[in-house]
Amino acid sequence: MSTPTKAATAVVGQSSRRRSIAVISHPDAGKSTLTEALALHAHVISEAGAVHGKHGRARVVSDWLEMEQKRGISITSAALQFAFEDVVINLLDTPGHADFSEDTFRVLTAVDAAVMLLDAGKGLEPQTLKLFEVCRRRGVPVITFINKWDRPGLDALALCDELEQRINLRATPVTWPIGEAGHFQGLLDARTKDVTLYSRASGGATLADEQHLSLDAARTVVGPDLDEALDSLGLLEPLDLDSFRAGTTTPLLFGAALSNIGVQQLLDVISELAPPPSARVDNDGTERAIAAPFSGFVFKMQAGMDPHHRDHVAYVRVCSGEFQRGMIVTHATSGRPFATKYALSVFGQARETIETAYPGDIVGLVNATNLAVGDTLYAPGPAVTFPPMPVFDPEHFVTARVTDLGRSKQFRRGIAQLEKEGVVQVLTSEARGDSVPILAAVGPLQFEVAAFRMEHEFNAPIHMEPLSFTLARRTTDADAQLLAGRHGIELTRRSDGTMLALVRDVWRLKTLQREAPGLVFERLSAVSR
């Protein structure tokens, strides 16, 4: 039996091999395509799928929900774990659509670095900016990949200037394009000055053919575009590991994910430069060392992964120690023991039983009905509770009713499950009663997801009616008595007991604040930790 010292050394050694990465961007920049290309280059899959399954290609493995495949967008975050050389990569593909920002923000609590994906023709876009700011606040270093360089787009130096001017992030190139966007000839390695030329595989489903040339040999093939690339490269700072991990610079790469160009270099950068897991700060501000006994937190719940069993999976980020399938851990919220008999390593919708996991890994716990997003689990030993997930201010509200009263039991179960997963916030009011909950969300597309899943997973179709409220503010029970019956206000409660006042619009809120300055109106995001 290993001594504690040997066990701790083994945990530290295994965690040093882990890289936990999220892919962030604006919608349609190519996140799911890039995720697929990374898996292809790591030889986890033999052919890369396409988001819409066009041209005879399979669909991407990360977009597995029926609704995702119909709409051609990522709705859920997907966890893909694979080995690349001696590194184990936990890659989280996130929804880019603003309506699903809550899911994306939660994922960013579970990673140690992010790949910021930019469309070469559009540069920094609104949702990318929001997600980058979350990374900056959390101290998550960012690698930048300029995608779609095989299409007309912006100037490479102009994109670098945009990064520095708009988000104060200096680009330090790892690769540099030979030829302007839309006339992509190859990639120049910023460190070795070697050149890689590409011949795209038919349909883009397999790896592109590569030709590696020295600088002199490449000049005879690509002509003056190479000298222009060298001149542009000379205007930028070289790669620096310390400033990257400090969040002041970003390793910069170019490519075309749909054609599998430039993706190998991105994998190399993730492996070489992205930080391994480090000690996590708990709710009390104390660091939980990597070598401490097992601990982790739930950052996502997902139902409907196996339509034959209707189970649901709790995604747990391992923060410390060694996870062993079957171990009995403590559920910090309830203080009760929790058995981990059914533990999975997840690759898209596919699943495989996992026996052990280490800091940085993502473990899927099946049928974890007592767990919720934000819960902490820990092994016997020093107790720990990690900070809860951030709560977001909903801006859209609907009432939900079951269309068939005979399905009321399934309706209640389904609504409770969607709330536990964080798909929507569920509010109740005395005026409407428990049978007519109010669903609240950041974006209206979340309601479409909720309705789809209620019908197809819980066999309880629902009818939704929009409400005219646009704001939700936390208030007190005492102030609720003063607000009761006022026009443009509805008082509700979250399942955690928080009293929320739904307000028609910002003008109504300002009027209330002017009439009664002492009333409490707090944003949920301001009071959550």
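Is Asn260 buried or exposed? Asn260 is buried, at 2% relative accessibility (buried means under 20% relative accessible area, exposed over 50%, partly exposed in between, with a 1.4 Å probe and protein chains only). A few notes follow.

1. Ground rules. This is a predicted model, where local features need pLDDT of at least 70, side-chain atom pairs count only at pLDDT 80 or more, and totals for chains, interfaces and linings use all residues. Residues are numbered from 1 along each chain as its sequence is written, and side-chain values use heavy atoms, with hydrogens and water left out.

2. Asn260. You'll find Asn260 in the loop between β11 (249-254) and α10 (263-273); helices (H or I, at least four residues) and strands (E, at least two) are DSSP runs, numbered from the N terminus. Its phi is positive, about 60°, although Asn260 is not a glycine. For background, most residues other than glycine have a negative phi.

3. Lys193. Here's another non-glycine residue with a positive phi, near 65°. Lys193 belongs to the loop between β8 (186-189) and β9 (195-199). Lys193 counts as partly exposed, at 31% relative accessibility.

4. Asp209. This residue is part of strand β10 (residues 209-213) and is exposed, with a relative accessible area of 54%. Asp209 touches Leu197, Tyr198 and Ser199, if you skip residues up to four places away in sequence (contact means heavy atoms within 4.5 Å). Between the C-alpha atoms of Asp209 and Asn260 there are 9.6 Å, with 51 residues separating the two along the chain.

5. Helix α14. In α14 (residues 506-515), the buried residues are Arg508, Leu509, Thr511 and Leu512. Looking down the axis of α14, they fall within an arc of 160°, so they line one face of the helix; the arc is that of the directions from the helix axis to the C-beta atoms. Trp507 and Arg514, on the other side of α14, are exposed. What do the buried residues of α14 pack against? Their partners are β28 (471-474), α13 (477-483), β29 (489-493) and β30 (499-503). At the N-terminal end, Asp505 caps α14, with a side-chain oxygen 3.1 Å from the backbone nitrogen of Trp507.

6. The four-stranded sheet. This open sheet of 4 strands runs in the order β25-β26-β24-β27, with antiparallel pairing (two strands pair if DSSP finds at least two bridges between them). β25 (425-427) and β27 (462-466) are the edge strands, each pairing on one side only. From one strand to the next, the twist averages 35°. β24 (residues 396-402) pairs with β27 over 5 bridges, in the antiparallel sense, and Val402 stands opposite Ile462 in β27. Helix α11 (residues 408-421) lies across β24, β25, β26 (438-441) and β27, at about 150° to β24; axes are lines fitted to C-alpha atoms, for helices over the stretch in contact, and angles run from 0 to 180 degrees between N-to-C directions.

7. The cores. A nonpolar core is a set of buried Ala, Val, Leu, Ile, Met, Phe, Trp, Tyr and Cys residues joined through side-chain atoms within 4.5 Å. The largest has 85 residues, and Met116, Trp149, Phe299 and Leu365 have the most contacts inside it. Strand β15 (residues 312-320) gives the most to this core, 6 residues. A second, separate core has 28 residues, including Ala37, Val87, Leu117 and Ala274.

Notes: Polar contact = N/O pair within 3.5 Å; in protein donor to acceptor, adjacent residues only side chain to side chain.
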